[in-house]
Amino acid sequence: RLASDTSSSNYTLRPARLAARVGATAAGDELELKLSEPAYLVLKLGDEQSPLLIFADAPPPPPPSGPGVISVASRGVKPSIRPEYASQDQGDAMQAAIDELLANDTLHTLVIPTSGGDGSATYVVHDLHVRNAPGRIHKHIVLENGVLLQRSGGHIGALTSPGFFTIHNSSNFTLRGLATLDAFNGGQGLYVADSSDVLVDGLMVRNSWWWNTEIEHSTRLTLSNYIALNDPGLPFHQNDGVNFEHSTHVALRRAFLVSADDLTCVKADPEDGAGLDGSYTPDIGEVVVDDVVGLNPDYDISLKLGWGAAARRIYNVSYSNIDLVDLYPVSRPGDVINLYLTLVHRDKPVEVTNISFTNITFDKQGIKVDMPHGYAHVKGVRFENVVGQRGNFSSIELSGHSDEYGIDDVLFRDVYLGGRLLTAESAAADGMKVAFARGVRYESSS
């Protein structure tokens, strides 16, 4: 139940596909929302520009107990923001507990509790690492509901990645809990590299500078019930939401993303220079981004595939059930979908195949498929049930480079902008750009 300075009937609840499942009752200056299932929502009351973000999650299972389970409390680590402790970094003791979990095969779970300290549920710690977890048995770190790990700003060890929480060269590992990692504007929030069979579930990662969450050189990894919050008011670029690089069989399932740059990006950046000369990088494919609510200024990119495209293959990438809400609507829209293959290598073309965008809603942004330097073949791109509230079809662009390096087999089915269906006729009437693109089809299911 919420109280407003204005009439409670003057509100907007987004996205529509989730708001339709919410029981809303307005009376006077109060608005009551009844949720029967988990939902991530954006609520605007009256003329307020800053929205209220609602994160409603199902209660997770309680932390396990018994043999094989240890708590950081038993290792002398307790939540505290009391003045005599707030300046003390408990990262060494927290890291020691993590290392103990990984090294001891009789242990399977480390619990980080909310209680036992000064009642704050906050731990001030330096960067934490899960390194070289061998995967002989599944290891878990479970954060109890409401725990806050707040970055002190310190780095440790030889691995000085920008991640506040880093998972490196590890397998068979789970990090879960309705808890928060606060990077304190000191670097990335979560960084995962060279790892496999990893699950991260329930976390909120906030206040990063640079990319909030980066997954690279990894396979069989899932981020679920995941919230990545960057402050779009900070004057920093490169604060992407969730980025997948050089990885396969990875997924982002049910997420809320806030950023002033790319909300999520699938890419294969060069690893030996950003010029046109270099080596192939590992392929990226079998990527799923599903059930996402995104909040960003409409002049930035929401769903990006590419920029870096130095791999031999980028394949089987699926975006579905994604709702994007303008934070600060402006006159110059960016791209809701941007398949931009610009960081490529001469005579080492990338093959981009089977890319789909399904059930996407947005306010006013563009759609672009582009390869400014060539050295790319794109085949099999699907846009289905993609709906923009405003705009016209001049904001859509298919730009191959040449007959040799072009775009093949593109389907637009049930694509609407401003209530109008995209057809061959409406595309031509609005001046939609199509160059070196073959097999472009326009369809409607009605």
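# Reading the terms in this structure

Q: Where does Pro15 lie, and what makes its neighbours a strand and a helix?
A: Pro15 lies in the loop between strand S2 (11-14) and helix H1 (16-19). These elements are DSSP runs, numbered from the N terminus, and a helix (H or I) needs at least four residues while a strand (E) needs at least two. This is a predicted model, in which local features need pLDDT of at least 70 and side-chain atom pairs count only at pLDDT 80 or more, while totals for chains, interfaces and linings use all residues. Residues are numbered from 1 along each chain as its sequence is written, and side-chain values use heavy atoms, with hydrogens and water left out.

Q: What is the peptide bond from Arg14 to Pro15, cis or trans?
A: The bond from Arg14 to Pro15 is cis, with omega near -10°. Most peptide bonds are trans, and most residues other than glycine have a negative phi.

Q: Why is Asp409 called partly exposed, and why is Asp414 called buried?
A: Buried means under 20% relative accessible area, exposed means over 50%, and partly exposed lies in between, for a 1.4 Å probe and protein chains only. Asp409, at 23%, therefore counts as partly exposed, whereas Asp414, at 13%, is buried.

Q: How do you know that strands S25 and S27 pair?
A: Two strands pair if DSSP finds at least two bridges between them, and strand S25 (residues 303-309) and strand S27 (residues 335-343) have six bridges, in the parallel sense.

Q: Why is Asn243 called buried, and which residues does Asn243 contact?
A: Asn243, found in strand S21 (residues 242-245), has a relative accessible area of 0% and is therefore buried. Contact means heavy atoms within 4.5 Å, and, leaving aside neighbours within four places in sequence, Asn243 is in contact with Trp211, Thr213, Glu214, Ile215, Thr264, Cys265 and Lys267.

Q: Why does Ser320 count as buried?
A: Ser320 sits in strand S26 (residues 313-326), and at 13% relative accessibility Ser320 counts as buried. Setting aside neighbours within four places in sequence, its contacts are Val289, Asp290, Asp291, Thr358, Asn359 and Ile360.

Q: What makes Tyr40 and Phe256 an edge-to-face pair?
A: Rings of Phe, Tyr and Trp (its six-membered ring) pair if their centres lie within 6.5 Å, and planes under 30 degrees apart count as stacked, over 60 as edge-to-face and the rest as tilted. The structure holds 10 aromatic pairs; in one of them, Tyr40 and Phe256 are 6.3 Å apart centre to centre with 90° between the planes, and the pair is edge-to-face. Tyr40 is in strand S5 (residues 39-45) and Phe256 in strand S22 (residues 248-258), 216 residues apart, and both are buried.

Q: What makes Phe357 and Phe383 a stacked pair?
A: The centres of Phe357 and Phe383 are 5.3 Å apart with 10° between the planes, and the pair is stacked. Phe357 lies in strand S28 (residues 350-362) and Phe383 in strand S30 (residues 376-388), so the pair ties together parts that are 26 residues apart in sequence. Both rings belong to buried residues, and ring pairs link Tyr319, Phe357, Phe383, Phe412 and Tyr442 into a cluster.

Q: How do you know that the charged end of Arg254 sits over the ring of Tyr40?
A: A charge sits over a ring if NZ of Lys or CZ of Arg is within 6 Å of the ring centre and within 35 degrees of the ring normal. The charged end of Arg254 is 3.9 Å from the ring centre of Tyr40 and sits over that ring.
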